[in-house]
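Student: Hey, can we go through this one together? I'd like to start with the sheet and then look at a few residues.

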Amino acid sequence: MKNDSYPFLPGSGAVSILIRHAERHPITDMSQALDARLTENGKHQAYSLGRGLISFSPLDLYYSPVPRCLETAQSLQQGIISASKDAELIGPLHELGGPYIIGNWMDIVTHVKNHGQSLFIRKWFDNELPADMIMPLPMAAELHLRLIGEQLTKGRSVINITHDWNIMVIREYYFNMRHEEIGEPDFLDGFIACMENKSILLTYHGHSIKIPMPGIV
């Protein structure tokens, strides 16, 4: 996500930023997908983005348990600190990994290998996959939004490093943006959110929506 793509955000206080990890090495075997690490270019991109986000400092950084997300968080932190700003690496969050995966990961790997990622995602989002394999789209989207809402109540801005599927969940459910039409998320693509009148104002590429969050004040 480019820092100049953020429109003016009404409201004040903390922000929660949710982005895909930086550029990684190609995945040639889906069963080994969790092992792919960042390229040197990816580390540099994350470092540069960190410098572009210094206006949001102080920042807490959370990341998926997958190693490339930690690498992204570390490079972001280095970029922020290089500009004499505060950024603290907090730790991994399950919600930023694959919290929607309920069944066996290798069953999902088989589906992706057989049908391709695009069709797998469509079957998932259209509720055509077994509920004991993967969480339905509305539940997966609400899980992510609740994390964002909880973070916004704590008064300190946050960057969350996650994966393309997590970004696609939010894009489709809340913005009605289908990957078949706009493509899959780029590296470092994502959202920014703030709290406004007890709702979450969620922004993606200049499109903003306000989502009430019951129980979050």
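Predicted model: local features only at pLDDT ≥ 70, side-chain atom pairs only at ≥ 80, totals over all residues.

Student: OK, what's the strand order in the open sheet?

Tutor: The order is β3-β2-β4-β1-β5-β6-β7, so 7 strands with mixed pairing. Strands are DSSP runs of E with at least two residues, helices are runs of H or I with at least four, and both are numbered from the N terminus. Two strands pair if DSSP finds at least two bridges between them.

Student: And which are the edge strands?

Tutor: β3 (87–92) and β7 (207–212), as each pairs on one side only.

Student: Which sense does β4 pair in with β2?

Tutor: Parallel, over 5 bridges, with β2 covering residues 59–63 and β4 covering 157–162. β1 and β4 also pair in the parallel sense over 5 bridges. Isoleucine 161 in β4 has tyrosine 63 opposite, and isoleucine 19 stands opposite isoleucine 161 too. Serine 157 in β4 is the bridge partner of leucine 59.

Student: What holds paired strands together in general?

Tutor: Strands of a sheet pair through backbone hydrogen bonds, either parallel or antiparallel.

Student: How many of β4's residues are buried?

Tutor: 6 of its 6. Buried means under 20% relative accessible area, exposed means over 50%, and partly exposed is in between (1.4 Å probe, protein chains only). Ser157, Ile159 and Ile161 are on one side of β4, with Val158, Asn160 and Thr162 on the other.

Student: New topic: where's aspartate 164, and is it buried or exposed?

Tutor: Aspartate 164 lies in helix α6 (residues 164–175). Aspartate 164 counts as buried because its relative accessible area is 11%.

Student: What does its side chain make a polar contact with?

Tutor: The side chain of glutamine 117, at 3.5 Å. A polar contact is a pair of N or O atoms within 3.5 Å; within protein, one must be able to donate a hydrogen and the other to accept it, and residues adjacent in sequence count only if both atoms are side-chain atoms.

Student: Last one: where is leucine 70, and what is it in contact with?

Tutor: Leucine 70 is in helix α2 (residues 67–82). Neighbours within four places in sequence aside, leucine 70 is in contact (heavy atoms within 4.5 Å) with Tyr63, Ser64 and Leu89. Leucine 70 is partly exposed, at 26% relative accessible area.

Methods: Residues numbered from 1 in each chain as written. Heavy atoms only, no water.
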